[in-house]
Amino acid sequence: MIYTNKLVISAQNENELVNFLNEIGTEEQKIDFNRIKPITANADNEVEVMQEEWGCCSNAMEIQYEEDDYCIVMYFTTRGGNCEEIISKLSHIGKGYNIQFTYLYASDTIAERCGKIESYENDYTITDYEERTDSALECWCECWQEDMEMFVWDDEYETYILNDGEDDDDWE
């Protein structure tokens, strides 16, 4: 299962942001889980160790990166889960830099396995959205960069589907 993740990092000034970014990634890999929470594994247990230590079984992939003033927005994918363990570690690293962040994640199934983590000074909150709800769809759309208006609720399958623009009544 593929997850799309959105991470918004905000700092008070450019120096704090640059120092924080240098600690969590490199120019080539803007966010590198091994820099945040290093793991040691061999070929036999690598996936198992990543899942346990990071919450997913891959490093950040397909990273999109946008910078505006003292704010960074990153979109990236992970396999096998969200990276909640990495975000927990980021909250501890961020305290030293006065960094705030918001992290959203969503699986590749519409409005399922979605959530949000927000940092607040010395703490953070976790919200896991109930599956197939409007809140889950909103989070899913934000992560996958889709328009909520593209989806409609399907009573028969009890899930959201793409709105094809056709009205079921037309078939009667």
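This is a predicted model: local features need pLDDT of at least 70, side-chain atom pairs count only at pLDDT 80 or more; totals for chains, interfaces and linings use all residues.
Local features required a pLDDT of at least 70 and side-chain atom pairs a pLDDT of 80 or more, while totals for chains, interfaces and linings use all residues. Residues are numbered from 1 along each chain as its sequence is written, and side-chain values use heavy atoms, with hydrogens and water left out.

Helix 1 spans residues 14–24, helices being DSSP runs of H or I with at least four residues and strands runs of E with at least two, both numbered from the N terminus. Within helix 1, Glu 16, Leu 17, Phe 20, Leu 21 and Ile 24 are buried, where buried denotes under 20% relative accessible area, exposed over 50% and partly exposed in between (1.4 Å probe, protein chains only). Viewed down the axis of helix 1, these buried residues fall within an arc of 125°, so they line one face of the helix; the arc is that of the directions from the helix axis to the C-beta atoms. Glu 14 and Asn 15 are exposed on the other side of helix 1. The cover over the buried residues of helix 1 includes strand 1 (2–10), helix 2 (33–36), strand 2 (61–68), strand 3 (71–79) and helix 4 (84–95), with contact taken as heavy atoms within 4.5 Å.

The structure holds 0 disulfides, a disulfide being a pair of cysteine sulfur atoms within 2.5 Å. Cys 139 is in no disulfide, and the nearest cysteine sulfur, belonging to Cys 143, is 4.4 Å away. Cys 139 is buried, with a relative accessible area of 2%, and Cys 143 is likewise buried, with a relative accessible area of 1%.
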